[in-house]
Amino acid sequence: MALDNAYIQQQLTSRFGEDFFIFSESYGMLTAEFAKESNLKVLQFLYDEPSLSFRFLTDLCAVHNPDLEGKELSVVYHLHNLSENLRLRLKIYTSIQDPHVFTATRLFSSANWMERETYDFYGVIFTGHPNLKRVLNVDEMDYFPLRKEYPLEDQTRIDKDDEMFGRG
Amino acid sequence: MMTETLQHIQLPEGSIEKQTTTLNLGPTHPATHGVFQNIIELDGERIVSAESTVGYIHRAFEKIAERRPLYQITPLTDRLNYCSSPINNMGWHITCEKLLGVQTPKRVDYLRVIIMELARISDHLICNSIVGVDTGAFTGFLYVMQYRELIYEIYEEICGSRLTTNIGRIGGFERNFSATAFSKLEKFLKEYPEVLKEFENLFTRNRIFMERTIGGGAISA
């Protein structure tokens, strides 16, 4: 039987219950949102269940939504079933005051650096990570640069006199 | 002068007694661009552990893309992998088209496939021939470079640039392929299979190449 989004949805609800997930489907890709405490259980189930076998973590990143009260940071997992060529997106939310999420490094070796990167740029703390420190920025950095409170400079500004870079 | 003041190198506690060697490999990059440092712990010739620094080279494309209009992001996607910029460009265009709900003409799809296949071939030419260079064979590299050059001429004919192509637009191409582009394509299609065969003959069953590549480089996911 070919794997499709409806089957994944049905498998997940029968394993974890009706109200556990919020499903949505954007441009053909299934997205499942759920509580952050259960991320390892869900990942493990998707990995182990033979008819699903999402054994490849393509991407792990975070999104900063400053407007969502209590759910400012979301961590997004992109899983890939290589034999059926189907992708799945998992999304968990965490507040910015307590950005603790369990690490997926036990399950996916590739999560190691991706979690370090997510920590580096968004400040999500992955509990249990073997080596959670900055990977692309300097160790001395004391902020998380891809959060929304650091906007890009307005490119139309004219108050800056900078001959070397073509302004002024 | 007192001898203590001349002691510049401070060795960590216990480092004289330990049985392994610490070696600073780099900062260098396997392909000479940018930096990549590995501090490795050696037991004889076996690497026991390694601490990698991939370098402070994040270019914050995500941040830039938060602000600029969609068409200003295409040149940034060139830089994601400059051996096959057109594929990255097309990836961006197709994503934007999906988001905007744009239906592209059939001809655009075909032209995109052509240009992406060329990009894939030139990228694989680079990586495969560079493996040759790294294992001690320069000939194959220089030989296939001629055909990478021909692919770049085709790019140049289509979009005006060679490496960072910024090829195509959201919804299609900037213009149709010219007659010269098609004649260059014909030339490439006619000559390249023979060259690839020769290139393969040079490597795949070559004993030195086999001994230096087989059994190396497995990475767990």
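Among contacts in chain B between residues at least 6 apart in sequence, what percentage join residues at least 24 apart? In this predicted model, the share of such contacts in chain B that join residues at least 24 apart is 52%. The secondary structure of chain B comprises seven helices and three strands, and from the N terminus the elements follow the order β-β-β-α-α-α-α-α-α-α. The C-alpha trace of chain B spans about 80 × 50 × 40 Å along its principal axes, and buried residues account for 15% of the 221 residues of the chain.

Helix H5 of chain B, covering residues 139–159, contains 21 residues and extends 31 Å from its first C-alpha to its last, which is close to the 30 Å expected at 1.5 Å a residue. Just after H5(B), B:Gly160 adopts a positive phi of about 95 degrees.

Between the two chains, 11 residues of chain B are in contact with 11 residues of chain A. On the side of chain B that touches chain A, the largest share, five residues, is contributed by helix H1 (residues 61–67) of chain B, and the residues of that side comprise four nonpolar, two polar and five charged.

Terms used:
Residues are numbered from 1 along each chain as its sequence is written. Chains are lettered from A and ligands numbered from 1 in the order in which they are written. This is a predicted model: local features need pLDDT of at least 70, side-chain atom pairs count only at pLDDT 80 or more; totals for chains, interfaces and linings use all residues. Two residues are in contact if their C-beta atoms, placed from the backbone, lie within 7 Å. Helices (H or I, at least four residues) and strands (E, at least two) are DSSP runs, numbered from the N terminus. Ala, Val, Leu, Ile, Met, Phe, Trp, Tyr, Cys and Pro count as nonpolar, Asp, Glu, Lys and Arg as charged, and the others, Gly among them, as polar. A residue is buried if 20 or more other C-beta atoms lie within 10 Å of its own, exposed if 12 or fewer, and partly exposed in between; C-beta atoms are placed from the backbone. The expected span of a helix is 1.5 Å times one less than its number of residues.
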